[in-house]
Amino acid sequence: MEKSFSDSYAAAGVDVTAGYKSVELIKSHVKRTNIPGVIGGIGGFGGMFELAANEYNNPVLVSGTDGVGTKIKLAFLMDKHDTIGIDCVAMCVNDVACSGAKPLFFLDYIACGKNYPEKIEQIVKGVADGCVQSGCALVGGETAEHPGMMPDEEYDLAGFTVGIGEKDKLVSGEHLKAGDAIIGVASSGIHSNGFSLIRKVFNINSETIAVKYDELGTTLGETLLTPTRIYVKPLLTLMDNVRVNAISHITGGGFYENVPRMLNDNTLAVIEKDKCFKLPIFDLIQKTGNIPEHDMYNTFNMGTGLMLAVDSDKADEAVRILNENGEQATIIGEIKDGEKGVEIC
């Protein structure tokens with residue numbers, strides 16, 4: 001009898017009905033992110049968003065895309081999938097906000113070895129939580145089942161966002177100058193960078209992540225899986241009140257790679273490390289791995305997830321606004337004349 005191919009896709013490892021169930025389960029999470037401008041719902045071939053007429057004189061669209069790197073291994077080991085989506089959103093929307101733009105909408109992409117609808121729902125719940133925190137809409141996405149390409153229990157997650165800003169209000173760095181104050185804003189922890197090194201330092205597995213450290217007050221796994229902080233709303237509020245001359249999102253590459261991205265030629269960022277925010281996890285990483293201090297600052301955010309430069313006479317006001325809007329902010333340094341780069345003292 002000749003084989004029928006009517007069910008060959010399922011035989012190949014792709015469960016179409018699981019895909020349908022996943023969509024139904026995530027609808028309520030997507031609905032939570034609706035904001036003015038969203039047209040239609042999920043399920044179409046493209047997510048639609050309407051720009052309000054006359055809201056901007058010279059609008060500029062700013063986009064960003066990213067994933068969460070090997071932090072996702074922690075989610076697998078802990079079988080906890082409801083926060084990794086926050087990380088994905090944060091890595092995208094924080095970058096867009098650093099340009100002075102307001103994130104409008106977000107799309108996610110999940111590639112999985114096998115589609116487990118309840119797990120997909122938890123991932124998208126985190127994505128929706130991140131969108132709510134940043135004030136943008138989740139207008140679409142894709143869940144792709146890749147049998148044979150990755151283990152059934154594993155997945156990867158990436159995202160994409162588009163924001164909008166008034167051209168003459170975007171943060172370009174043109175106003176940055178010697179004498180500007182550098183303000184640091186606290187991170188929530190590791191965020192989403194440096195996990196390849198962390199996995200090596202702690203020999204990450206199901207046993208090591210369950211170890212509770214007194215200095216952390218919880219298990220290693222719970223500390224490491226803490227979601228990336230989303231700075232969008234406080235940052236936009238600040239920029240409505242104080243001109244921000246430059247901004248740096250401290251992601252992969254730590255201080256030494258990210259701070260220069262906000263500098264102009266012949267400007268030097270001098271940062272006083274004792275004024276920066278400190279979290280016990282970074283001391284634990286450095287001590288356990290016997291890692292040189294320079295390498296720590298070249299890999300991690302070290303407790304400061306965002307830096308911005310403002311006129312020195314606006315620094316106290318900027319700190320006040322950020323603190324009043326739920327952040328921990330303080331003056332940590334100064335812009336000086338010199339060869340473009342970072343000096344940590």
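How many salt bridges does a search of the whole structure find? The search finds 17, in a model that is predicted. The legends below describe selected close-ups.

**View 1. Two domains divide the chain, spanning residues 7–169 and 180–344.**
Domain 1 covers 7–169, and domain 2 covers 180–344. Taken over C-alpha atoms, the centres of domain 1 and domain 2 are separated by 25 Å.

**View 2. The interface of domain 1 and domain 2 buries about 2,400 Å².**
The size of an interface is often given as the accessible area lost when the parts come together. Here, carbon and sulfur atoms account for 72% of the area buried between domain 1 and domain 2. On the domain 1 side 30 residues take part in the contact, and on the domain 2 side 30 residues.

**View 3. A salt bridge joins Glu118 and Lys21.**
The closest N and O atoms of the Glu118 and Lys21 pair are 2.9 Å apart. Glu118 belongs to helix H5 (residues 117–134), while Lys21 belongs to helix H2 (residues 16–32). Side chains of opposite charge can pair when their charged atoms come close.

**View 4. An unreviewed UniProt entry annotates residues 60–164 as "domain: PurM-like N-terminal".**
Helix makes up 37% of the chain over residues 60–164, and strand makes up 36%. The end C-alpha atoms of the stretch 60–164 lie 6 Å apart.

**View 5. An unreviewed UniProt entry places "domain: PurM-like C-terminal" at residues 177–342.**
Over residues 177–342 the chain is 32% helix and 22% strand. A distance of 15 Å separates the end C-alpha atoms of this stretch.

**View 6. An open sheet of six strands has the order E10-E12-E7-E13-E11-E14.**
The pairing in this sheet is mixed. Strands E10 (246–249) and E14 (341–344) are at the edges; each has a single partner strand, so one side of each is left without a neighbour in the sheet. Neighbouring strands of the sheet are turned against each other by 25° on average, direction ignored.

**View 7. Strands E11 and E14 run parallel.**
Strand E11 spans residues 267–271 and is joined to E14 by four bridges. Ile271 stands opposite Ile344, a residue of E14. Strand E14 is one of the edge strands of the sheet.

Methods:
Residues numbered from 1 in each chain as written. Predicted model: local features only at pLDDT ≥ 70, side-chain atom pairs only at ≥ 80, totals over all residues. Heavy atoms only, no water. UniProt positions renumbered as here; feature names shortened; annotations may be inferred. Helix = DSSP H or I, 4+ residues; strand = E, 2+ residues; numbered from the N terminus. Pairing = 2+ DSSP bridges. Axes fitted to C-alpha atoms, helices over the stretch in contact; angles between N-to-C directions. Domains from an automatic or database assignment. Contact = heavy atoms within 4.5 Å. Buried area = accessible area lost by both parts, 1.4 Å probe. Salt bridge = Lys/Arg side-chain N within 4 Å of Asp/Glu carboxyl O.
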